[in-house]
Amino acid sequence: MTILRPGRRRFLKSVAATGAAAWLQTSLSPAVWAQVPAQGDVGGLRSKIDHIVVIFQENRSFDHYFGAYRPPAGGTVEGLLDRDGKIDARFDGLQKSAAGSAYKFLPVPYQIPGFAGARLENRPFHLSSYVPPDDNVPWDPLHHFFRMFAQIDHGKMDYFVALAATGKHIFFDKPHDLSPAQMMFAESSPSGAVLGYYTRDDVPDYYHLADEYVLFDHFFQAMSGGSTGNALYLVAARSAMSAKVPPSKVGSLTPPVFDRPYDKNGILINDMPPINGPTETFMGPIDLSPPPDEQTYPTIGDRLEAASLSWAWYNEGWNTVKPWALKTAFGPGDGSVVVDTPEGYLPHHNPFQYLPTWPRNVQAGRMRDSTDFFEDVKNGRLPSLSFLKGTGSSDEHPANSAPRWGEQWVMGFLRALGESPLWEKTAVVITYDEGGGFWDHVAPPRPDAYGCGTRVPALLISPWTRRGYVDHRIADTTSILALIEARFGLAPLHARDAGAYNLLDGFDFSQKPRAPAFG
């Protein structure tokens, strides 16, 4: 256990004196979603595309994967490199300690063996020498709701290192004597590993896809924080809620609680396991999970069903846990609490499990195993909308999966599509639920009090896209909903997707459909 010594205590008190509590407060003030969505060639989209596939990976920021990307044919990318292809000097000394002063050298994570003896200057660095892209390490940066807003720090993006990991301290003063900012820093440990980035040699298939198709360099996670909320934004443009949340489970800027599951409005702001089965045993108590019957808002699945259109959520590991899919956590016998490791299946990554329509969707066969996707493509049965979700070693989540493992998993689905007659009628979006605590240098937009969070990688793959196009328009997870709604003529689900860019700029439906550009 780390002891908060008098020197560090004075350190933290100085944070409040310099207005750290103020930046926490004002960073939560909502701003206007100030852009007019592009319409694009909706007619071409409707005539050429019959299938939309969404591959939703885990916990990587844009700079972490694509900060070093340079388009082979020229053009600009909002990344880390200057005109000479070197790390831009404007990032030198950017990351600050709890006291607000710049680190000279980055604190390195003791739990990652590759960093033993490393001495890194305070600037982005190539990560593969310390964590190879085909190696998984037991390390997962923090990325909770309030914490992520604090890391972003009014768009300065300068507290990612200071707030990267958990730190447990003994306080000489009583906890309630500390300001919100002091508590935040006192409960954190710094880690410079979040500034690491990969290159073309590390994730070559993803870089090749960017060369051949569309890369979005201003695509943000919809909601600050972690997986569950952003998964719900992917299908409903909002998070779940609960009408009866005890004060001990409400996160706030008032000590001693910060990143608890809900906010003062009963909105789920951090991960909790679903009540519908199958659910987890390692996610904490389940009795305060959002009640399914309170989630009365529509989803994109509801919209498609009302229009007599098909959809499916293809999840790795689904066949293993399917026998528990119609049980609940509070049912008789063994209930639904069966998942005890992220290697099998991760219920809190499946947004449909939080909804009252879950049993109906299971019985209708809309929940499928990822292996079923290959059969459905081969037999020409692909739904109008498909979600693909990896788990364990396939989803790229740090401490579960290495980047290369997930990259290979994703490419398998693309190759299956490329070999199928469905290729010419399909558009694929590849993106990530959230940045996972990895640093990114671009300040997110603020459409409302819940988002956006960190910028994340996003690619659009189709025979109808422009080759090597970098789309600079501001987008977020709800832009995927806007694309789906544009294609199938569906009404928006919420103000967020109604105001989101629909990702159409990268299409060119006047060209001949291109053959797959991957082997």
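Predicted model: local features only at pLDDT ≥ 70, side-chain atom pairs only at ≥ 80, totals over all residues.
**Entry on the pocket.** I looked up the largest pocket and noted a volume of about 780 Å³. Its lining is made of 30 residues, and those nearest the centre are Leu142, His144, Asn270, Asp271 and Met283. When I sorted the lining by type, I had 13 nonpolar, ten polar and seven charged residues.

**Entry on strand 15.** I then turned to strand 15, which runs over residues 426-432, and found seven of its seven residues buried. In a regular strand the side chains alternate between the two faces of the sheet. I therefore listed each side separately, bearing in mind that buried means under 20% relative accessible area: Thr426, Val428, Ile430 and Tyr432 are buried on one side, and Ala427, Val429 and Thr431 on the other. For its neighbours, I noted that strand 2 (residues 51-57) pairs with strand 15 in the parallel sense over seven bridges, with valine 54 partnered by valine 429. Strand 16 (residues 458-461) pairs with strand 15 in the antiparallel sense over four bridges, and here isoleucine 430 has leucine 459 as its bridge partner.

**Entry on salt bridges.** The structure holds 19 salt bridges, and I followed up the one between the side chains of arginine 487 and aspartate 50, at 3.4 Å from N to O. Arginine 487 belongs to helix 14 and aspartate 50 to the loop between helix 3 and strand 2, so this pair ties together parts that are 437 residues apart in sequence. I wrote down that arginine 487 is buried, at 13% relative accessible area, whereas aspartate 50 is partly exposed at 29%.

Key. Residues numbered from 1 in each chain as written. Heavy atoms only, no water. 1 Å grid on protein atoms, 1.4 Å probe; cavity = no way out; pocket = protein on both sides within 12 Å on 5 of 7 lines; lining within 4 Å. Points joined across faces, edges and corners; volume = space filled by probe spheres on them. Nonpolar A, V, L, I, M, F, W, Y, C, P; charged D, E, K, R; others polar. Buried < 20%, exposed > 50% of the residue type's maximum accessible area, 1.4 Å probe, protein only. Helix = DSSP H or I, 4+ residues; strand = E, 2+ residues; numbered from the N terminus. Pairing = 2+ DSSP bridges. Salt bridge = Lys/Arg side-chain N within 4 Å of Asp/Glu carboxyl O.
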